[in-house]
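Please look at the sequence and the model below before reading the report.

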Amino acid sequence: MSTPPLSSLNPQLSTGSVPFPFAAALPGPSVRAVHDQFHGDLLEVSMGPQHPSTHGVFRMVATLDGEQIVKLKPVFGYLHRNHEKIAENTTYLGSMPYTDRLDYLCSMSTNWAYALTVEKLAGITVPDRAQYLRIIMAELTRLVNHACLVGFLFNDLGTSFTPLLYAFREREKIIDLFEALSGSRMMCNYQRFGGCRVDPTPEWLETARVLVENFPRFLDEYERMLTGNEIMLARTQGIGRVTPAQAVNAGLTGPVLRACGVDYDLRKVDGYGYYPRFEFRVPLGDHGDTYDRYMMRILEMRESVKILTQAFRDLPAGPIMDPKAKLRGFRPKAGEAYGRLEGPKGELGFFLISDGSPNPYRYRVRPPSLINLTLLEDMCLGHTIADSVVILGSIDIVLGEVDR
Amino acid sequence: METVEQLRDRLLARFPAAKIELVTNPSAAAEHSLLIDAAHGRDIALFLRDDPTLRLDYCSNVTGIDWPDKEITDITKTTVADPAGASGATKVVEQKTTRIQPGYLEAVYHLYSMALKHGPVILRLRTANRSDAVTLPSFTPVWRSCDFQEREIYDLYGIIFECHPDLRRLLMWYEFKDHPMRKDYVEPDDYEWEPTAHGAILEKAKANRLTSAPIAGDAATPGPGSAPPATKSSNTEAKP
């Protein structure tokens with residue numbers, strides 16, 4: 001007559017009645033029936049933490065009415081190692097290599113954000129050549145990140161790896177450049193307070209210049225194959241919409257914010273580094289849906305190519321470190337500073353409080369990936385699980401930064 | 001944009017009952033902040049967001065800070081008549097007194113305006129102490145970007161944000177007891193230890209061994225007293 005309760009099929013699925021002493025410590029049932037007074041009988045599905053489409057150890061608990069999501073709660077902390085506490089127990093320079101592990105796809109920009117904040121705290125100046133090198137590295141990182149993102153997005157749409165490998169082919173070339181320069185493919189540890197660590201050779205610069213020159217060809221090829229694709233349009237247009245007011249209030253930053261049409265790019269607003277010397281435009285979306293978020297990445301890559309071409313043209317000769325900057329025994333004066341820059345994922349900020357000792361008293365990372373997830377539930381409501389995977393992919397998170 | 005001093009004066013004119021102090025920042029960044037009291041926190045936040053000349057519509061960063069109790073030594077110098085010297089000679093006596101300056105937890109908000117593209121305005125709120133009065137007003141109803149960040153501060157520092165819609169731990173697991181970012185947090189000896197099912201089964205097996213009838217090989221020996229001689233004799237038999 002009636003279906004047996006789920007718990008009778010699998011005793012571990014029930015948390016209440018089975019006298020298992022540590023049931024509360026279990027990760028919880030992956031699927032269970034729940035009752036809601038408005039919707040009636042619903043199904044709660046726990047996706048993750050080990051799920052290929054969650055881009056790492058991320059869990060979302062989605063409540064479904066039929067196929068539609070009526071509630072979605074993200075669960076964090078599976079990659080938490082208390083980065084901030086570790087950084088408070090080491091010297092300022094000591095946490096520079098550790099910032100690589102925050103957003104492990106974009107270590108160059110994360111390094112720069114940290115160096116920028118320490119320079120603001122201690123009043124260190126940076127020589128011209130280092131400023132240009134920083135912009136070159138940051139924009140190459142943006143190419144790496146956005147190429148990865150558009151590749152993974154098609155993977156989330158179910159295209160089974162081919163577009164991802166096209167994107168990874170380009171990413172690999174840039175990562176080889178990083179390895180030649182810094183010694184590591186992804187954990188570059190390249191920036192220092194008051195400059196950069198290594199000066200690239202003329203051969204390196206020439207290779208990079210040729211790579212950047214050829215990059216638009218990859219973009220054209222990629223777009224010709226995929227941007228107008230019918231399935232792609234059907235699956236992304238009008239999916240996961242956000243209004244500009246919602247986005248600003250929820251603190252979304254980066255391409256996700258600009259896809260809603262809010263003109264806020266820190267390269268223009270703050271004008272940090274030497275960005276005011278460069279000519280580039282800030283692409284803006286209109287609908288705030290998944291398709292616009294995808295297009296933002298493509299258009300930003302084209303603008304990055306423009307910035308890189310100008311940087312290779314104008315790169316001055318000279319020192320790459322401020323001669324007055326101290327690496328050993330570095331103790332900034334007591335005080336605090338909040339530094340931020342436009343990372344590939346959004347506003348990446350560091351907040352440092354110094355008490356005059358060699359270690360920061362307080363070290364805080366403002367993670368764009370975490371705060372961009374604030375609206376994940378609002379974006380997913382009314383859509384299916386399959387769409388929620390694509391929406392999550394279009395937000396672009398890295399769990400090393402979300403959980404810290 | 002107006003300076004922090006001008007902003008403080010304007011806020012004091014608008015909220016005469018509020019306590020607003022300027023906290024100076026001596027570092028090279030020189031971004032000063034406003035310390036506001038918790039009772040007027042929400043009103044001030046709403047004012048800052050909606051005021052047409054400020055329009056701070058974007059709360060970028062929320063930071064928790066722990067300031068533990070601090071022991072401060074005061075040295076007071078008093079001049080007394082020198083008993084050994086001639087009349088009129090004086091001696092300076094130093095008197096040291098130590099007092100405990102009570103600690104507090106602090107939340108720092110970095111506000112910017114996306115509409116007018118200026119900022120930052122930095123707000124600070126402090127709790128009364130670090131143990132039982134750790135409540136601050138939540139700014140999540142004003143800026144939704146505070147949602148996860150305030151949850152994180154609740155998790156790692158233990159500040160309770162009043163009127164937060166969903167104040168749960170964000171990074172640590174729900175059964176975790178302490179607040180690990182506090183300065184006096186003591187790490188456990190063994191992070192890996194947890195009450196696993198494996199451990200529970202071992203415990204259960206131990207309990208059975210004590211209470212139930214002797215098992216397996218013990219069945220051959222009738223009592224505990226006779227067991228040692230039996231093994232002894234078997235040993236002696238095996239020797240030659």
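## Basis

The structure is a predicted model. Local features are described where pLDDT is at least 70.

## The four-strand sheet of chain A

Chain A contains an open sheet of four strands, ordered β1-β2-β5-β6 and paired antiparallel. The edge positions are held by β1 (31–36) and β6 (68–75) of chain A; each has a single partner strand, so one side of each has no neighbour in the sheet. From one strand to the next, the twist averages 25°.

Inside this order, strand β2 (residues 40–47) of chain A is joined to strand β5 (residues 59–65) of chain A by five bridges, and the two run antiparallel. Glu44(A) has Thr63(A) of β5(A) opposite it. Helix α15 (residues 385–395) of chain A packs on the sheet and touches β2, β5 and β6 of chain A. The direction of α15(A) makes about 45° with that of β6(A).

## Helix α5 of chain A

Helix α5 of chain A covers residues 128–157, which is 30 residues. From the first C-alpha to the last, α5(A) reaches 44 Å, close to the 44 Å expected at 1.5 Å a residue. Is this helix mostly buried or exposed? Of its 30 residues, 27 are buried, so α5(A) is largely enclosed by the rest of the structure. A residue counts as buried here when 20 or more other C-beta atoms lie within 10 Å of its own.

## Make-up of chain B

Chain B has five helices and nine strands. Read from the N terminus, its elements follow the order α-β-β-α-β-β-β-β-β-β-α-β-α-α.

Chain B has 240 residues, of which 27% count as buried. Among contacts in chain B with a separation of 6 or more, 56% are between residues 24 or more positions apart.

## Strands β4 and β5 of chain B

Strand β4 (residues 70–81) of chain B pairs with β5(B) in the antiparallel sense, over 12 bridges.

How many of the 12 residues of β5 (residues 90–101) of chain B are buried? The number is zero, so β5(B) lies largely in the open.

Definitions and conventions: Residues are numbered from 1 along each chain as its sequence is written. Chains are lettered from A and ligands numbered from 1 in the order in which they are written. This is a predicted model: local features need pLDDT of at least 70, side-chain atom pairs count only at pLDDT 80 or more; totals for chains, interfaces and linings use all residues. Two residues are in contact if their C-beta atoms, placed from the backbone, lie within 7 Å. Two strands pair if DSSP finds at least two bridges between them. Axes are lines fitted to C-alpha atoms, for helices over the stretch in contact, and angles run from 0 to 180 degrees between N-to-C directions. The expected span of a helix is 1.5 Å times one less than its number of residues.
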